[in-house]
Amino acid sequence: MSPIPKLKEEFESTTNEFKRILGDGEKAYSWLKTVAAFANTLGGTLYVGVEDNGTPVGIPKDLVDKQVQLFLRNVKEHIRPMPLFSFRYLPAEKDLYVIEITIQKSVEPPLILHFHDIPAIYVRAEGQNSPASREEIIQMVLSGKESSFDEQKTDIPFDPKDFCRLFERYEQQTGRKLEEKQLHAIGFFTEGGKLKNGSLLFRDDFHSPDNLVKITLWDGIDKGGSVFKSLGEFNGNILDGLQFVLKTIDANMFSYERKTDSGRQKESDYPKRALLEGLVNAYAHRNYFIRGSQIEVTLFRDRLEITSPGGMIGGLLLKKEKDIRSIQPGRRNELICSILSLCRLMEKEGSGFDKIAAEYATMNKKHQPYVSSTPTCVTLVLPNVHYLPGIIDDETKEVAVTCPQWDTLSDKQARILSFCYVKPRTIEEIAAFLSLKVSTYLRKDVLGRLIKANLLLLNDSRRADTYYDNRDIVKLV
């Protein structure tokens, strides 16, 4: 037999875990958590006979069957409902094997692990199992529902007079009158003439705290120590909500003006098509089952974030995914998407991320949009095209800052403030940045004076002292 093929991943991850051997009794709890967490999240593969570092060592042939029976007995006894799984036996060294156990994502989550009569629900992320939060449990329950939110029926009769905005939008985009048979064709109302949940979201007088969108402006690059301003909130119908957000952002952007032959022309910090696509995507694909949540639009100096309740379809977890064209489209609310398509606000093919990427195609790497997702929300990040440094993150070494005492600072002090704005730095990091040695001069004469002026703050509660800007005084340029 051929030797074991290369494992799917060399490290433990969201869908991958290694065990030298499966323990029984109290020791079974650790790997049972993994099985339940896999089934509650994305599914995954458990390799038995592999070291933690990914090195396959195998187990003897006579132990393979015992390990399989131990697995079956413990899973049957402790996990409800039973997960779906399959086995493969991979040859390692002579007469040694690795057991590959593939656990499928459950179609009826959450799976509950019962141990010592104590029930627990686990989820999986970044190679770790953790107890599910309330929001994650809600998300799991809702993902198993057969009927989507927007397709559920109401007792409210359809009356075209209640949908003036919808009819106006359609006529503006197509030059034609919207006919009731077109609405019937997409399931806007039932055979008995009753509206569905998704249809209600477009009614002129619709208002609900469960369809809330909030807009907030921060003057820095994050929510730590920065001044913020609430720009408003809206809980009406989707078409009016889109218009409200676009107008609010346009009125509150960090304005940029370009000189022209006839004067000055204000330019948008964010491509309007990209912004519209992002907002439409948030309304179209949010999880409306999650009550008490809202779409959040947040403006920072370097970017705009649109966060929508509900994870990606299929439970996909993303971390700053910049290849947004590669993200497979999925529709959580088919009726809402059909109505938005009818209004020419989105396309049936689900090409919204493609259009956003196209708007930023000529920009550099620091000005590229990205998507992050967790089991409970999806966030689209659009870079401010007029903020020259681009998106500022932990990898950014220094940024342009200023303060009232700026003209009195030495070059070293000014550079330190530029270096310590993004995140706290140790004195060793500051010395290396300035090409200096750690010395009493650097600690007392340079850093000490900045601290005395209240421009730099010292955190001495960690193992190593760190220095960071006082953002109430030091501001981004």
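## A tour of side-chain contacts

Select Asp240 first. Its relative accessibility is 15%, so Asp240 counts as buried: the cut-off is under 20%. Keep in mind that you are looking at a predicted model.

At 35% relative accessibility, Arg165 counts as partly exposed. The two side chains, Asp240 and Arg165, form a salt bridge, with 3.1 Å from N to O. Zoom out to see where they sit. Asp240 belongs to helix α7 (residues 238-252), and Arg165 belongs to helix α4 (residues 164-174). The pair links distant parts of the chain, 75 residues apart.

Why would such side chains meet at all? Side chains of opposite charge can pair when their charged atoms come close.

**Next stop: Asp219 and Lys475.** Select both. Their side chains meet in a salt bridge at 3.5 Å, N to O. Asp219 is in the loop between β13 (212-218) and β14 (228-234), while Lys475 is in strand β26 (residues 475-476), so this pair ties together parts that are 256 residues apart in sequence. Are these residues buried or partly exposed? Asp219 is partly exposed, with a relative accessible area of 24%. Lys475 is partly exposed too, at 25%.

Now select Glu17, Lys19 and Arg124 together. Salt bridges with shared partners join these residues into one network.

**Then go to Glu51 and Arg20.** This is another salt bridge, and its closest N and O atoms are 3.6 Å apart. Glu51 sits in the loop between β2 (44-48) and β3 (59-60), and Arg20 sits in the loop between β1 (16-19) and α1 (28-40), so the contact ties together parts 31 residues apart in sequence. Colour by accessibility if you can. Glu51 is partly exposed, with a relative accessible area of 31%. Arg20 is partly exposed, at 38%.

How many salt bridges are there? The count comes to 17.

## Rings

Switch to the aromatic side chains. The structure holds 17 aromatic pairs.

**Select Phe71 and Phe87.** Their rings form an edge-to-face pair, 5.6 Å centre to centre, with 85 degrees between the planes. Phe71 lies in helix α2 (residues 61-78) and Phe87 in strand β5 (residues 85-91), so the pair ties together parts that are 16 residues apart in sequence. Phe71 counts as buried, at 0% relative accessibility. Phe87 counts as partly exposed, at 24%.

**Move on to Phe149 and Tyr288.** Turn the view until you see both rings from the side. The planes are at 15 degrees and the centres 5.3 Å apart, so this pair is stacked. Phe149 is in the loop between α3 (134-143) and β11 (153-157), and Tyr288 is in the loop between α8 (272-285) and β17 (294-299), so the pair ties together parts that are 139 residues apart in sequence. Phe149 is buried, with a relative accessible area of 13%. Tyr288 counts as buried as well, at 2%.

## Charges over rings

Select Arg303 and Phe300. The charged end of Arg303 sits over the ring of Phe300, 4.0 Å from the ring centre.

Finish with Arg425 and Phe419. Which ring does the charged end of Arg425 sit over? That ring belongs to Phe419, and its centre is 3.9 Å from the charged end of Arg425.

Terms used. Residues numbered from 1 in each chain as written. Predicted model: local features only at pLDDT ≥ 70, side-chain atom pairs only at ≥ 80, totals over all residues. Heavy atoms only, no water. Salt bridge = Lys/Arg side-chain N within 4 Å of Asp/Glu carboxyl O. Helix = DSSP H or I, 4+ residues; strand = E, 2+ residues; numbered from the N terminus. Buried < 20%, exposed > 50% of the residue type's maximum accessible area, 1.4 Å probe, protein only. Phe/Tyr/Trp six-rings, centres within 6.5 Å; stacked < 30°, edge-to-face > 60°. Lys NZ or Arg CZ within 6 Å of the ring centre and 35° of its normal.
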